[in-house]
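Thanks for coming. I will go through one model this morning, taking the backbone first and the charges after that. Please have a look at it before I start.

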Amino acid sequence: MELLTRLEKYSKTEADVVAFKNAFTDETITYSELWSYSDKIAWHINETVDNDKQPIVVYGHKSPLMLAAFLACVKTGHPYCPVDISMPQERLKDIVEASETKLLIAMVDTEVTAANKWTMADVNAMVAEDVRELPKDNYVSGSDVYYIIFTSGSTGKPKGVMITADCLDNYLDWMEQIMNRSTDKKQLTYLNQAPFSFDLSVMDTYTSLYTGGTIWSMEKRLQEDMGLMHTKLKESGLNVWVSTPSFMNVCLLNKEFNGENLPDFTTFLFCGEVLTNKTARELMKRFPNAEVINTYGPTESTVAVTEVVINDEMAGSEHPLSIGYDKPGTKIFIMDDKYTYPGKPEGEKGEIVIAGNTVAAGYLNQPELTADKFFKLSTPDGDMWAYKTGDEGYKEKELLYYCGRMDFQIKLNGYRIELGDIESNILEMDDVTYCVVLPIEKRGEVKGLAAFVTLDHPVEDEFEYSQSVRKYIAEKLPHYMVPKKCIVLDEMPMTNNGKADRRALKEML
């Protein structure tokens with residue numbers, strides 16, 4: 001695998017270069033340490049579990065040793081499943097069960113268990129040992145699964161997206177081309193804002209490692225202290241910004257967030273949700289010497305598959321921003337429900353279908369769901385592995401435009417959410433008889449979630465009950481999936497075909 005080959009080289013040629021820094025704790029790991037520590041952890045993995053390519057769950061939050069653990073897994077032929085501490089314990093338990101893992105590496109304390117479980121103390125003891133000879137025969141490569149990111153599932157349980165080594169290498173080759181085009185600087189410092197369990201983190205983390213850069217990681221405590229965060233940013237020497245547009249909007253509230261105070265930025269990369277013209281204009285005004293790049297792609301296509309540099313004309317237009325041109329090795333089609341080549345003509349809306357060399361292998365242990373969403377698309381140039389995104393869009397002069405979701409899946413602050421996931425969990429409450437969750441939208445942007453419920457008993461204090469629902473869900477699901485409000489109805493409005501009337505409910509918001 002090209003990534004591992006490069007990392008081994010950097011461990012010698014860039015031995016003392018900081019590969020990863022936690023900006024809050026100032027913990028660092030060099031390329032030499034990253035390679036050595038991952039070898040030592042990998043040796044213990046080989047001693048603990050069979051070489052059966054089963055996933056290994058790594059739980060924690062932006063510790064440098066999490067990266068070493070990720071690499072240790074793939075050096076032993078095992079894909080890793082990253083789980084951040086922002087996930088509730090119930091969701092961690094679901095992922096451990098769904099992955100059928102035989103090893104949980106817990107960098108943070110948790111009561112969730114697996115057949116084997118290591119703590120941070122265990123990992124610290126491993127990396128303090130002498131160098132271990134590690135055979136390379138078992139390295140993840142080619143069509144082997146490199147990592148599995150679990151996303152929201154419509155059944156109330158998470159689904160694991162399997163990204164192969166080839167997918168990741170192909171993606172990183174493209175990202176390196178973008179970085180070479182965007183700046184003459186070779187050793188770049190990348191912002192890591194997203195948690196490792198969110199696939200946006202792959203954009204900064206692995207692009208940086210692939211090119212010998214430094215990952216400057218912003219953990220949750222730093223993101224929650226805007227004053228300290230800005231002070232740290234001014235000292236960071238950051239070159240490449242990677243985040244959702246929502247996080248950028250928060251940063252832009254600070255007038256000192258500009259090119260004069262942060263002169264080293266060359267590139268701003270956005271993915272995960274819609275980048276508005278307003279945000280792009282303000283950012284370009286404050287950082288006139290940096291490129292603003294809009295990208296698009298679901299987890300199932302290895303982070304992103306399109307990109308476009310936003311110019312003044314695009315940003316100043318009333319027309320929503322494009323999400324970019326197809327990357328090399330990928331072809332994006334606009335299709336109807338027949339899913340046949342060549343799809344719909346330019347300018348006509350339909351479902352965005354992604355075909356190419358970074359489309360995921362499918363969903364872990366879910367063959368029926370995989371068969372429903374992934375397929376071989378026959379083209380004049382041969383069959384292409386393809387994914388049905390469920391996103392609506394159209395193409396114009398080779399540029400792709402996004403028009404929203406075609407189902408009940410939405411994005412909030414960059415996180416993809418199946419509304420059915422939340423509904424299924426609320427329905428587990430003893431007194432709930434029906435539940436519908438809808439996005440709260442303002443000017444076309446999702447600002448939060450609202451849950452509508454009917455109960456088997458009357459409620460005296462609706463606010464108190466709403467709080468109890470939110471507390472219950474907070475114990476089951478990630479914080480971004482907790483509804484802002486819960487509305488109790490005497491009865492659920494229905495359509496003629498016996499389904500909840502979502503249009504009528506939306507009018508209540």
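Is lysine 62 buried or exposed? At 1% relative accessibility, lysine 62 counts as buried. Buried here means under 20% relative accessible area, exposed means over 50%, and partly exposed is in between, with a 1.4 Å probe and protein chains only.

Before going on, two remarks on the ground rules. This is a predicted model, in which local features need pLDDT of at least 70 and side-chain atom pairs count only at pLDDT 80 or more, while totals for chains, interfaces and linings use all residues. Residues are numbered from 1 along each chain as its sequence is written, and side-chain values use heavy atoms, with hydrogens and water left out.

Back to lysine 62. It is found in the loop between strand E3 (56-60) and helix H3 (64-75). The helices (H or I, at least four residues) and strands (E, at least two) are DSSP runs, numbered from the N terminus. Lysine 62 is not a glycine, yet its phi is positive, about 60 degrees. Most residues other than glycine have a negative phi, and most peptide bonds are trans.

Lysine 397 also has a positive phi, near 55 degrees. Its place is the loop between strand E20 (382-396) and strand E21 (399-405). Lysine 397 is exposed, because its relative accessible area is 67%.

On the peptide bonds, please look at tyrosine 341 and proline 342. The bond from the tyrosine to the proline is cis, with omega near 5 degrees. Proline 342 sits in the loop between strand E16 (330-335) and strand E17 (350-356).

Next, helix H7, residues 200-211. How many of the residues of H7 are buried? Twelve of the twelve are, so the helix is largely enclosed by the rest of the structure. The buried residues include Met203, Asp204, Tyr206 and Tyr210. From its first C-alpha to its last, H7 reaches 17 Å, close to the 16 Å expected at 1.5 Å a residue. That expected span is 1.5 Å times one less than the number of residues in the helix. After H7 comes glycine 212, with a positive phi near 75 degrees.

Now the charges. The structure holds 24 salt bridges, a salt bridge being a side-chain nitrogen of Lys or Arg within 4 Å of a carboxyl oxygen of Asp or Glu. I will show a few.

Lysine 506 and glutamate 441 form one, with the closest N and O atoms 2.9 Å apart. This pair links distant parts of the chain: lysine 506 is in helix H16 (residues 502-506) and glutamate 441 in strand E24 (residues 432-442), 65 residues apart. Lysine 506 is partly exposed, with a relative accessible area of 43%, and glutamate 441 is partly exposed at 40%.

Lysine 344 and glutamate 348 meet in another salt bridge, at 4.0 Å, N to O. Lysine 344 counts as partly exposed at 26% relative accessibility, and glutamate 348 counts as partly exposed at 37%.

Aspartate 26 and lysine 21 also form a salt bridge, at 3.8 Å, N to O. Aspartate 26 has a relative accessible area of 43%, so it is partly exposed. Lysine 21, at 28%, counts as partly exposed. There is also a network of salt bridges linking Glu2, Arg6 and Glu176.

Last, the surface patches. Which residues gather in the patch of negative charge? They are Glu460, Asp461, Glu462 and Glu464. Patches are made of residues with over 30% relative accessible area and no salt bridge, with like charges joined within 9 Å and nonpolar side chains (Val, Leu, Ile, Met, Phe, Trp, Tyr) within 5 Å. Lys and Arg count as positive and Asp and Glu as negative, with His and the chain ends not counted. The place of a charge is taken as NZ of Lys, CZ of Arg, CG of Asp or CD of Glu. Accessible areas come from the Shrake-Rupley method with a 1.4 Å probe, and for residues only the protein chains shown count as cover.

Glutamate 460 lies in the loop between strand E25 (445-455) and helix H15 (462-474), and it counts as exposed at 86% relative accessibility.

A positive surface patch is formed by Lys278, Arg281, Lys442 and Arg443. Arginine 443 is in the loop between E24 and E25. With a relative accessible area of 81%, arginine 443 is exposed.

That is the end of my part.
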